[in-house]
Structure formats: structure tokens, C-alpha cells
Amino acid sequence: MTELMSSRVIEDVATLKALADPIRMRVLELAMSEPERTWTAKELAKIVGVAPTKIYYHINQLEQHQLLRIRDTRVVNGIIEKQYGAGQLNLTFHRRSGEEPSSVHEVVVTLLDQIKDEIEAGLNAGTISGSSEAPDPVRMMLSRGVAEIPADRIAEFRHELQALMRRFEQAGVPRDGTTTGGHRFAMLVGMHPLGLS
């Protein structure tokens with residue numbers, strides 16, 4: 001198997017634009033949630049809820065930017081079937097100075113919309129609860145805080161947030177591809193200056 005990058009920083013406009021699509025974000029999130037597993041286009045289409053003929057465009061976009069990689073191929077009924085997997089365990093988004101901010105904006109909107117839709121669906125289905133008394137496997141946590149961080153400790157704070165996320169992401173994925181029987185949670189961590197004095 002191709003070695004996965006632990007973390008990948010996305011800063012070029014083309015890759016940001018490739019990610020600014022809810023279907024591609026869902027495919028990538030799925031692949032990154034089980035990094036040892038491989039997926040066929042048919043499997044991805046079924047889980048994401050699009051026609052198999054339409055999923056190829058999205059897979060090609062992700063593959064072109066090395067966000068998804070071909071891990072294996074096999075011949076099925078005379079047709080070459082590709083097996084895809086994630087190219088990295090997690091992503092961080094940056095914009096190079098001088099580049100158009102709309103690319104980062106599109107990714108941020110896509111991510112926030114995806115989280116909103118997942119939470120709404122879970123609340124409506126009863127699989128997510130906002131109650132502090134709900135059992136841990138169904139309890140949602142939304143928290144917003146403001147911290148004043150000394151300039152010389154900002155990088156340390158950012159690193160600690162990313163390390164905590166990676167520690168729990170990797171804890172639930174054994175190297176042999178089996179599952180731990182744990183509960184899956186989506187995490188979106190954002191840290192941004194308030195721009196206030």
C-alpha cells in the first residue's frame with residue numbers, strides 16, 4: 001500500500017477549488033475516516049448517494065490533486081476496477097498571499113454546510129442529542145471560545161489542537177483495517193483571529 005501522508009497542507013487554488021464541492025468532500029471524508037480501507041467507485045457512489053456514472057468525475061478531481069489515490073486494480077468481468085484510498089490522514093487549509101480568497105471561502109462554506117446538514121439530519125433522526133444528559137455516543141458538543149494567546153505561543157496552540165485531533169483519529173483505526181467498535185464522530189476544528197483590537 002502507498003504510504004499515507006499524516007497531514008497535508010492545502011494552499012493552492014486548484015486543490016481548494018477541487019474540495020469546494022459537497023460530494024467530493026463527502027467522498028474524501030469517507031476515505032479518510034478509514035484510511036487502511038480501499039473503495040471502488042461503485043461503493044463510493046452508493047454511500048454518497050449519487051449515480052455511479054456521476055461519481056467518476058468527482059473521483060477524478062480528487063485523484064488529480066492526489067487527495068485520493070489508486071491503491072489497487074483488478075479485472076472484473078473484463079473491466080479494470082480501481083480501488084481508491086485516501087492520500088492523507090487529515091487536511092489543513094491555507095491560502096498563499098496574493099491569491100484569491102474566494103477559494104478558501106468556498107471550502108469553508110462547504111465544510112460548514114456539511115456539518116450543519118449532518119447535525120440537522122442527526123437531530124431529526126434522533127441519533128444526535130444536544131442534551132448534556134444524553135449518553136456520550138449520541139451527545140453533540142458545540143463549543144466556541146475566545147482565547148488570548150501570546151504571539152510566541154500561537155504556533156504551539158495550533159499544533160496542540162491538530163495533535164489532539166490526530167491522536168483520536170488514529171486511535172480508532174487499527175493497522176489491519178478492522179474496526180475498534182468505537183463510535184464515529186465528525187470533528188471540524190477552526191482557529192481564526194477575531195480581527196478585533
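Helices are DSSP runs of H or I with at least four residues, numbered from the N terminus. The model is predicted.

**Exercise 1.** Locate Leu 188 and determine whether this residue is buried, partly exposed or exposed.

*Solution.* Step 1: Leu 188 lies in the segment that follows helix H6 (154-171). Step 2: the relative accessible area of Leu 188 is 42%. Step 4: together with Val 108 and Leu 112, Leu 188 makes a nonpolar surface patch of about 250 Å².

**Exercise 2.** Characterise the position and surroundings of Met 25.

*Solution.* Step 1: Met 25 belongs to helix H2 (residues 22-33). Step 2: Met 25 has a relative accessible area of 7%; because buried means under 20%, Met 25 is buried. Step 3: beyond neighbours within four places in sequence, Met 25 contacts Leu 19, Thr 110, Leu 111 and Gln 114. Step 4: the C-alpha atoms of Met 25 and Leu 62 are 9.3 Å apart, although 37 residues separate the two in sequence.

**Exercise 3.** Describe the largest nonpolar core and state which residues have the most contacts inside it.

*Solution.* Step 1: this core has 26 residues, and Leu 19 and Ile 55 have the most contacts inside it. Step 2: at least two residues each come from helix H1 (13-19), H2, helix H3 (41-48), helix H4 (52-64), strand E3 (79-86) and helix H5 (102-125). Step 3: H2 gives the most, with 6 residues. Step 4: leaving aside neighbours within four places in sequence, Leu 19 has contacts that include Met 25, Leu 62, Phe 93 and Val 107.

Notes: Residues numbered from 1 in each chain as written. Predicted model: local features only at pLDDT ≥ 70, side-chain atom pairs only at ≥ 80, totals over all residues. Heavy atoms only, no water. Buried < 20%, exposed > 50% of the residue type's maximum accessible area, 1.4 Å probe, protein only. Contact = heavy atoms within 4.5 Å. Core = buried A, V, L, I, M, F, W, Y, C linked by side-chain atoms within 4.5 Å. Patch = residues over 30% accessible without salt bridge, like charges linked within 9 Å, V, L, I, M, F, W, Y side chains within 5 Å. Areas by Shrake-Rupley, 256 points an atom, 1.4 Å probe, with all protein chains shown as cover. Salt bridge = Lys/Arg side-chain N within 4 Å of Asp/Glu carboxyl O.
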